[in-house]
Amino acid sequence: MEHAQISALPSVPFYDLSRLPEGAGVYFVLGVEDQILYIGCASKLRSRWLQHHVLATAPPAGAVRITWMQCEFRQGLEVEADLIFNYAPPLNKVGKLKRMQVPRPRGQWLRDLRARWAAEDALKM
């Protein structure tokens, strides 16, 4: 996923987390210049942030908004792992990827996502 596409995803300001959707998805904490500070996955995005996300109680310095893409939770785990590997956000723990046991063909989700975006762009023209 291209960084520009991440910043174009639906988003809410960090001070208004109650507007997050309740469904499953992958989320991104973005900084002032859309720097990716953190990447995560949740089965219920809004509940995750409002009830117990460690970053919600002490927002990281520079955190401005949260963007997300909704997807099935299992698929989200795969996407999250690949994105953390590719972007290495400063607030994600280094050892997290080693603990994740998500079987997947490396990068397949990214190819599928890019193909979907290309098809959507072609329809807009």
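Good morning. Read from the N terminus on, the elements of this protein follow the order α-β-β-β-α-α-β-α-α-α. That makes six helices and four strands in the protein. Please keep in mind that the model before you is predicted.

I shall begin with the sheet. Its four strands form an open sheet in the order β1-β4-β2-β3, and their pairing is antiparallel. Which strands stand at the edges? They are β1, residues 11–13, and β3, residues 36–42. Each of these has a single partner strand, so one of its sides is left without a neighbour in the sheet. From one strand to the next, the twist averages 20°.

Let us now turn to one pair of strands. Strand β2, residues 25–30, and strand β4, residues 65–70, are joined in the antiparallel sense over six bridges. To locate this pairing on the structure, please find Phe28, which stands opposite Thr67 in β4.

What packs on the sheet? Helix α4, residues 73–87, does so, and it touches β2, β3 and β4. The direction of helix α4 makes about 160° with that of β3.

I shall close with the protein as a whole. How much of it is buried? Of the 125 residues in the protein, 45% are buried. The protein exposes about 7300 Å², and carbon and sulfur atoms supply 56% of that area. Finally, consider the contacts between residues at least 6 apart in sequence: 69% of these join residues at least 24 apart. Thank you for your attention.

Terms used. Residues are numbered from 1 along each chain as its sequence is written. This is a predicted model: local features need pLDDT of at least 70, side-chain atom pairs count only at pLDDT 80 or more; totals for chains, interfaces and linings use all residues. Side-chain values use heavy atoms; hydrogens and water are left out. Two strands pair if DSSP finds at least two bridges between them. Helices (H or I, at least four residues) and strands (E, at least two) are DSSP runs, numbered from the N terminus. Axes are lines fitted to C-alpha atoms, for helices over the stretch in contact, and angles run from 0 to 180 degrees between N-to-C directions. Contact means heavy atoms within 4.5 Å. Buried means under 20% relative accessible area, exposed over 50%, partly exposed in between (1.4 Å probe, protein chains only). Accessible areas come from the Shrake-Rupley method with a 1.4 Å probe; for residues, only the protein chains shown count as cover.
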